[in-house]
Amino acid sequence: MQSYDIVVIGGGPAGLAAAAEAKKAGVDSILILERDHELGGILNQCIHNGFGLHTFKEELTGPEYAQRFMDEVFKLNIEYKLNTMVMDITDTKVVTAMNKTDGMFQIQAKAVILAMGCRERPRGALNIPGYRPAGIFSAGTAQRLVNIEGYMPGREVVILGSGDIGLIMARRMTLEGAKVKVVAELMPYSGGLKRNIVQCLDDYGIPLKLSHTVVDIEGKERVEGITIAEVGPDMKPIPGTEEHYSCDTLLLSVGLLPENELSKTAGVELSGITSGPIVNDSLETSVEGIFACGNVLHVHDLVDFVSQEAANAGRNAAKYVKEGSKPATKEIKINAVDGVRYTVPVTVRPNEMDDTVTVRFRVGAVYKNSAVAMYFGDEQVLKRKKQIMAPGEMEEVVIKKEELAKHPDISDITIKIEQA
Amino acid sequence: MIYDCIIIGAGVSGSATARELSKYDLNVCVLEKGEDVCSGTSKANSAIVHAGFDAAEGSLMAKLNVEGNEMMGQLAEDLDIPFERNGSLVVCIHESEKGGLQDLYNRGVANGVKDLRIVEREELHQMEPNLAEAACAALYAPTGGIICPFMLNIAMAENANVNGVDFFFNTEAEDLHRDEDGIWHIRTNNGEYKTRTVVNAAGVYSDVFHNMVADKKIHITPRRGDYCLLDKEMGSFAKHTIFPQPTKMGKGILVSPTIHGNLIVGPTAVDIEDKEATATTADGINDLIEKAGMHVDNLPVRRKVITSFAGLRAHEDNHEFVIGELKEAPGFVDCAGIESPGLTSSPAIGEMVADIVAGILKPSKKANWDGKRKGILNPSGMSIEERNELIKKNPAYGQIICRCESISEGEILDAIHRPLGARSLDGVKRRTRAGMGRCQAGFCSPRVMEIINRELGIPVEKITKSGGKSVIAPELSKNRKGGEL
């Protein structure tokens with residue numbers, strides 16, 4: 001069996017940043033396994049700009065952003081295999097993978113970094129009634145067809161869900177000459193970034209109907225029409241509010257799901273809320289030596305944060321390889337309550353942690369003129385006012401090791417939303 | 001040319017009949033209005049091999065169900081398709097229903113179902129830990145099984161084709177009549193076909209053809225059933241096929257593992273008139289979730305569903321299979337009203353219909369008939385060494401195309417290039433399961449389109465989901481067109 005110090009599963013933005021950072025931290029034996037025919041992951045089809053404002057202080061397209069990390073991986077001489085599907089990971093970190101030239105092979109890794117990304121929630125998962133014709137696409141599939149393959153999925157479009165890819169595709173389809181008739185969103189708020197609503201819908205006069213859903217799909221062979229209706233507070237359609245749109249295409253942007261089937265084969269414990277692994281401040285999962293970062297851990301809005309998070313995972317994996325297993329002397333749980341849906345990480349190790357740890361989370365509803373508060377035990381250590389917080393925009397707080405050390409007896413940290 | 005026999009419909013009954021007739025020295029063809037076999041009722045059902053205790057004692061349905069069930073093991077082996085006798089349980093949740101269970105047991109015994117027995121509460125809950133607390137007894141039929149309806153249908157058709165039966169797709173029979181010489185003329189959208197005998201295996205349309213020539217008319221009601229298919233994560237939720245007590249609308253909403261490891265829940269039963277109305281409804285889905293929840297606990301349908309669909313049962317007013325030659329229309333053989341347990345009965349239906357046709361034509365048997373078929377290789381059960389051997393011989397088996405179901409390019413190429421090969425996304429999906437997993441073809445459809453384009457030379461913008469107007473991506477993007485608006 002071959003062996004590597006670190007095997008990175010996935011060569012998208014998370015995998016690339018993690019591998020580069022691990023190498024810079026002094027681990028030489030690293031292998032990236034990528035299932036697609038090129039590195040870069042989903043960024044390759046994100047040809048719009050707006051990437052990299054935090055990391056590079058300039059606006060890049062997705063492929064440009066990916067290229068910068070690819071160049072670094074090339075410069076660092078990190079090994080990678082393309083068109084390679086990982087089939088299984090064990091809790092002892094044996095990775096089984098397959099491709100056309102190597103066949104099926106196994107690698108013993110000292111550490112594994114999970115960076116498989118996420119997938120889109122399909123129509124089937126929504127129980128939308130109606131026929132099952134051609135012309136129903138998840139937004140990302142449509143994006144791939146248009147931007148990579150060069151085909152138009154249709155001419156007259158209704159979009160369900162206002163996730164970022166849906167918003168981006170509303171603009172993309174419009175620029176390609178299609179008519180986007182409406183974007184319907186089940187929730188009373190959008191799931192996407194504010195800037196995308198402005199730049200992708202408002203600028204093109206595309207209506208966004210909040211608290212609306214699709215109640216019927218017409219057309220047996222190809223989509224011929226879509227009926228949407230308003231939903232009440234119980235999320236059920238309100239009779240009499242139906243509106244019909246004739247169209248040939250329905251795009252779905254109704255949520256992303258971290259793709260953790262492989263994590264499960266390794267016995268990694270997952271969060272019921274994020275569907276991603278439960279990790280500590282080093283982004284190590286419940287299985288020792290297996291780390292996670294990027295959208296497989298929790299779905300991000302901005303790739304800059306994926307890169308930051310992945311670099312942390314890479315550095316910590318390298319540390320694990322070099323220093324070996326060191327059980328934490330103490331672990332403090334982070335409670336997510338009162339509007340905070342979850343946190344990543346879920347625990348911090350006050351003695352082993354870095355000088356600062358960024359805790360990222362999402363809120364469960366729209367909060368106006370509220371504040372993010374953090375408590376060490378019962379003591380409030382942070383209160384930060386925010387004009388608006390929404391589920392579509394990730395929030396963060398920073399825990400300082402120094403400050404935590406001043407509270408040696410606490411057993412938990414709490415992050416919540418409070419009145420300003 | 002004049003065929004000896006033309007079968008209308010390449011569903012499971014038509015394909016079973018075609019395979020049986022391929023044993024004889026006869027010119028046989030199948031006319032199918034869809035672009036592939038298994039395009040109607042046969043593609044949307046519970047995928048169950050019923051034991052045979054439901055159908056009325058003495059009915060043709062009962063006879064063919066039990067016979068079909070008995071034949072299925074050998075047939076699955078000959079056709080190289082997966083089949084498992086997981087056993088079925090008809091569960092009662094009220095002490096008062098136990099009498100009904102006994103009636104069902106008696107009927108089953110009279111129908112010739114083997115090894116039936118009634119299991120009491122304690123044993124029952126040991127057999128199925130997720131049953132509702134109220135479940136107090138069940139009829140256990142160990143001969144009940146699960147099968148892939150696509151594979152059964154496709155395999156029988158393929159084997160018939162290899163043994164000389166022609167299949168004409170996108171060919172819809174529109175009208176038929178018998179001339180003075182006793183030859184049948186079938187008018188289709190693709191011209192006229194002539195034949196000595198006709199088998200009417202037209203599913204929900206079988207009454208239409210029957211009524212064109214019969215004195216005594218029949219009426220087929222499309223009885224719609226909605227289903228939900230759950231993620232493979234839920235595949236071990238139930239080991240057996242769990243039925244409620246049957247009613248006059250059918251066998252009720254079952255919860256069952258599928259042969260591929262998913263969990264299926266359904267069907268509802270709603271009588272409609274539109275023979276094409278395979279749309280699911282919100283009411284139907286709500287109904288099935290509620291009813292399925294009566295017999296099992298904590299079934300997370302809404303959280304774990306990966307797709308929902310509706311099928312149409314070809315329900316004949318008397319709830320009986322209508323099989324036989326019409327006296328007033330010599331050479332016209334009905335195979336009508338084939339609803340549940342039609343899939344189970346199909347091997348026996350094929351044999352019975354072929355016997356009738358052979359009785360008319362008196363053909364001789366072929367010396368070189370080969371009833372065995374090699375299925376599409378499924379490498380998932382192979383050892384690493386076996387896989388490497390395979391990939392060395394054919395590297396396409398090393399390239400995964402469908403991530404969710406781990407389907408390789410090799411399997412897709414096989415599906416496209418074998419007899420009656422796939423030409424659409426659904427064709428590939430039903431033969432290989434590529435696109436049938438939890439992402440529902442989000443990732444793999446562009447790649448399968450690329451393979452279909454490369455292998456069959458069909459332009460990408462003409463590739464369909466399932467034939468006809470179901471084109472996936474009808475135009476080139478502006479960029480590909482050269483930038484013009």
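This passage describes the two chains of a predicted model, from overall form to single residues. Residues are numbered from 1 along each chain as its sequence is written, and chains are lettered from A, with ligands numbered from 1, in the order in which they are written. Because the model is predicted, local features need a pLDDT of at least 70 and side-chain atom pairs count only at pLDDT 80 or more, whereas totals for chains, interfaces and linings use all residues.

The secondary structure of chain A comes to eight helices and 28 strands, where helices (H or I, at least four residues) and strands (E, at least two) are DSSP runs numbered from the N terminus. The radius of gyration of chain A, taken over C-alpha atoms, is 22 Å, close to the 22 Å given for 420 residues by the globule rule, so the chain is as compact as a globular protein of that length; the rule itself is 2.2 Å times the number of residues to the power 0.38. Along the principal axes, the C-alpha atoms of chain A fill a box of roughly 65 × 60 × 40 Å. Of the 420 residues of chain A, 53% count as buried, a residue being buried if 20 or more other C-beta atoms lie within 10 Å of its own, exposed if 12 or fewer do, and partly exposed in between, with C-beta atoms placed from the backbone. Contacts join two residues whose C-beta atoms, placed from the backbone, lie within 7 Å; among those in chain A between residues at least 6 apart in sequence, 65% join residues at least 24 apart.

The largest nonpolar core holds 163 residues, of which A:Ile6, A:Ile9, A:Ala18, A:Ile113, A:Ala115 and A:Cys293 touch the most other members; such a core is a set of buried Ala, Val, Leu, Ile, Met, Phe, Trp, Tyr and Cys residues joined through C-beta atoms within 7 Å. Helix H7 (residues 303–323) of chain A contributes the largest share of this core, nine residues. Apart from it lies another core, of 118 residues, among them B:Phe53, B:Leu116, B:Ala155 and B:Ala238. When neighbours within four places in sequence are left aside, the contacts of A:Ile6 include A:Ala22, A:Val27, A:Ile113 and A:Val321. A:Val303, which lies in helix H7 of chain A, counts as buried because it has 29 C-beta neighbours inside 10 Å. Not counting residues up to four places away in sequence, A:Val303 touches A:Pro13, A:Leu43, A:Phe51 and A:Tyr65.

In helix H5 (residues 194–201) of chain A, the buried residues are A:Asn196, A:Ile197, A:Cys200 and A:Leu201. They cover an arc of only 105 degrees around the axis, which puts them on the same side of H5(A), the arc being that of the directions from the helix axis to the C-beta atoms. These buried residues pack against helix H4 (164–175), strand E13 (179–185) and strand E14 (208–210) of chain A, while the face turned away from them carries the exposed residues A:Lys194, A:Arg195 and A:Val198.

An open sheet of five strands in chain A has the order E23-E21-E28-E25-E26, with mixed pairing; two strands pair if DSSP finds at least two bridges between them. Strand E23 (347–348) and strand E26 (379–389) of chain A stand at the edges, each with a single partner strand, so one side of each is left without a neighbour in the sheet. Within this sheet, strand E25 (residues 367–376) and strand E28 (residues 412–419) of chain A pair in the antiparallel sense over seven bridges, and A:Met374 has A:Ile415 in E28(A) as its bridge partner.

Between the chains, 48 residues of chain B are in contact with 40 residues of chain A. Elements that each supply at least two residues of the side of chain B touching chain A include helix H7 (282–292), strand E18 (305–316) and strand E23 (475–476) of chain B. That side divides into 20 nonpolar, 17 polar and eleven charged residues, with Ala, Val, Leu, Ile, Met, Phe, Trp, Tyr, Cys and Pro counted as nonpolar, Asp, Glu, Lys and Arg as charged, and the others, Gly among them, as polar. Strand E11 (residues 151–152) of chain A pairs with E23(B) in the antiparallel sense over two bridges, and the bridge partner of A:Tyr151 is B:Leu476. E18(B) is mostly covered, eleven of its twelve residues being buried, and strand E13 (residues 220–230) of chain B pairs with E18(B) in the antiparallel sense over eleven bridges.
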